[in-house]
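Here is a short tour by question and answer. Take a look at the sequence and the model before reading on.

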Amino acid sequence: MTIADTQAQLEALQHRLADLLREVQTVIVGQDDVLRGIITCLLAGGHGLLEGVPGLGKTLMIRTLAAAVDLSFARIQFTPDLMPADIVGTSVLVDRPGGGRELAFQPGPIFNHIVLADEINRATPKTQSALLEAMAENQVTAAGKTRPLPEPFLVLATQNPLEMEGTYPLPEAQLDRFLFKIDVPFPGERELLAILDRTTGTKTAAARPVLDGPTLLEMRRFVRAVPVVPSVAEYVVRVLRATHPDDARATDLVKRYVRFGGSPRGAQAVLLAARIRCVMEGRKSPSIDDVRAVAPSALRHRVILNFEGEAEGIGIDKILAQVLAGVPADADRARS
């Protein structure tokens with residue numbers, strides 16, 4: 001493939017992503033960073049965890065995105081009495097055409113392209129774990145058989161940071177399955193006015209499809225082929241290691257408040273997301289700035305606080321900001 005062909009593909013992909021973002025914004029007011037984070041998960045083939053107070057439109061964002069990419073969508077409301085079979089499906093007795101009955105597998109809502117796991121921390125650990133195999137391997141084992149999930153497949157989960165009673169915090173192993181943890185901020189005054197204008201009148205906005213599944217899979221292959229210079233990959237490794245309290249590059253906040261730093265899967269998430277960010281901005285290769293921009297979303301759920309950090313309410317983003325400020329971009333300076 002020639003350089004001209006690659007440039008043409010890059011421009012076409014950038015335009016498609018801009019069209020997708022614009023189409024979602026016909027329904028969603030503001031939240032540009034959140035939408036870009038969700039689109040990054042979609043392009044990376046990684047799952048996303050959205051955290052925010054009730055009423056911020058998290059469910060509507062995900063439903064609108066599914067409509068804009070013309071993919072099947074299912075919403076699962078996680079509750080304490082939800083069972084694993086309610087997610088993956090179960091075998092039921094059905095009548096045979098020629099008479100008699102037989103067991104047939106009835107697929108659950110997990111067999112959709114985009115699955116919204118709403119308030120995921122309200123379900124019991126047993127039910128939460130039903131998502132693990134699906135998120136890790138794009139397949140589930142049900143009724144004694146391993147069954148593949150559709151491609152593309154994406155889990156987008158939400159949780160409410162204010163609701164603690166009757167919730168079951170996700171274990172670290174399951175949090176690590178999410179590419180991004182995306183904080184959904186409260187809208188500003190202008191955004192609130194626009195929301196009221198758009199949602200309390202007679203007109204109802206709806207997104208139209210601007211992408212399809214095969215096109216999305218092609219876009220995923222393209223972003224994974226984006227070249228990365230060794231210095232950027234080395235910087236990602238230095239940042240990840242600096243989140244570990246026993247590393248020589250660890251900052252004061254990490255040494256004092258962190259029990260365990262980011263996993264290797266975190267470094268993979270940072271580099272892949274940096275690739276996608278540079279493509280969304282029309283550049284051919286990710287930079288250090290791309291890494292710094294995506295690192296908080298990729299690492300904030302992978303850095304585990306110790307008891308002192310939890311007791312003092314230290315914010316993970318504050319720790320990551322110090323890490324990113326303290327890790328030099330230049331490899332020679334890092335070795336000195």
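Q: How many bridges join β6 to strand β7?
A: This is a predicted model. Strand β7 covers residues 145-148, and β6 and β7 run antiparallel. The number of bridges that join them is 4.

Q: Which residue takes a positive phi in the hairpin of β6 and β7?
A: The hairpin has 2 residues between its strands. The phi in question is near 55°. The residue that takes it is A143.

Q: Why is one side of β2 and of β9 left without a neighbour in the sheet?
A: An open sheet of 5 parallel-paired strands has the order β2-β5-β8-β1-β9. β2 (73-77) and β9 (178-183) stand at its edges, so one side of each has no neighbour there. Each has a single partner strand.

Q: What is the bridge partner of G48 in β9?
A: Strand β1 (residues 47-51) pairs with β9 in the parallel sense, over 5 bridges. For G48, the partner in β9 is F180.

Q: At about what angle does helix α2 run to β9?
A: Helix α2 covers residues 32-44. The helix lies across β1, β5, β8 and β9. Its angle to β9 is about 170°.

How values were computed
Residues are numbered from 1 along each chain as its sequence is written. This is a predicted model: local features need pLDDT of at least 70, side-chain atom pairs count only at pLDDT 80 or more; totals for chains, interfaces and linings use all residues. Side-chain values use heavy atoms; hydrogens and water are left out. Two strands pair if DSSP finds at least two bridges between them. Contact means heavy atoms within 4.5 Å. Axes are lines fitted to C-alpha atoms, for helices over the stretch in contact, and angles run from 0 to 180 degrees between N-to-C directions.
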